[in-house]
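Hi there,

Here is the structure I promised to pass on.

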Amino acid sequence: MDFEERLRKAIDRGKAKADEKAREEAARQMNEEDYKRLHSKLRLQLSEHIEKCVEGLPNFFPGFRYETTFGDRGWGAACWRDDLTIGSGGDRQNAYSRLEINVRPYSPYHVLESSAKGTINNKEMFQRNYFERVDDADIDQFVELVNRWVLEYAELYAAQQ
C-alpha cells in the first residue's frame, strides 16, 4: 500500500469519526429537548399545586396577601404580611412574615427542584430544598413535600401568634 492510499484511508476514517460525532451530538440534543419538555410538564403540575396550597393560607390567617411568583428563581406562589405596631411611647415595630414555594427553572443538570422559605416576624424559620432527576422524578413525592411545607409554616405561624 502506497502513501497516497494510506492518506485517503486516514482521511476517510477522520470523516467517519466526524459523522459519528455529529450523529451523537444530534441524539444528545434530542435528549436535551426531551428533558426540557418533561421538566416543563412536571413544573406546570407542581406549580399549580403550590398555588392552590399557598392561596388557601390567607383564608386562615387574615392579613396575608397572596401572589404568584415567577422569574429567575422559578415558578410558584407566596403569601406575606407586613405588620406595623406602634407602642405607647411612639416606637414603631415592623413584623414581616412570608412563605414562598417555587419550582426552579430547568438546568443542564436535568433535575426537578423545589424550594421553600418561611419567615415569621422577621425571623427565617425554615428553608427547604428538594430535587430529583427529571427522568426519575416522582410528582407525588413533590406534592407531599409541598403539603408538608405549607402545614409546617401554618403551625409555626399559629404558634407565634
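Leaving aside its neighbours within four places in sequence, which residues is Trp75 in contact with? Before I get to that, please keep in mind that this is a predicted model.

The contacts of Trp75, with those sequence neighbours set aside, are Arg43, Ser47, Thr69, Phe70, Ile101, Asn102, Val103 and Pro105. One of these, Ser47, lies 28 residues away along the chain, yet the two C-alpha atoms are 6.2 Å apart. Another, Val103, sits in β3 and stands opposite Trp75. Trp75 itself belongs to strand β2. Its relative accessible area is 30%, which falls between the 20% limit for buried and the 50% limit for exposed, so Trp75 counts as partly exposed.

Now for the strands around it. β2 (residues 75-86) and β3 (residues 92-103) run antiparallel and are joined by 12 bridges. They are part of an open sheet of five strands, paired antiparallel in the order β1-β2-β3-β4-β5. The edges are formed by β1 (65-69) and β5 (123-133); each has a single partner strand, so one side of each has no neighbour in the sheet. On average, neighbouring strands are turned by 15° against each other, direction ignored. Helix α3 (residues 139-160) packs on this sheet and touches β2, β3, β4 (111-120) and β5. The direction of α3 makes about 175° with that of β5.

Finally, the domains: the domain assignment gives domain 1 (1-29) and domain 2 (31-159). Taken over C-alpha atoms, the centres of domain 1 and domain 2 are separated by 52 Å.

Enjoy exploring!

Best wishes

How values were computed. Residues numbered from 1 in each chain as written. Predicted model: local features only at pLDDT ≥ 70, side-chain atom pairs only at ≥ 80, totals over all residues. Heavy atoms only, no water. Pairing = 2+ DSSP bridges. Helix = DSSP H or I, 4+ residues; strand = E, 2+ residues; numbered from the N terminus. Axes fitted to C-alpha atoms, helices over the stretch in contact; angles between N-to-C directions. Contact = heavy atoms within 4.5 Å. Domains from an automatic or database assignment. Buried < 20%, exposed > 50% of the residue type's maximum accessible area, 1.4 Å probe, protein only.
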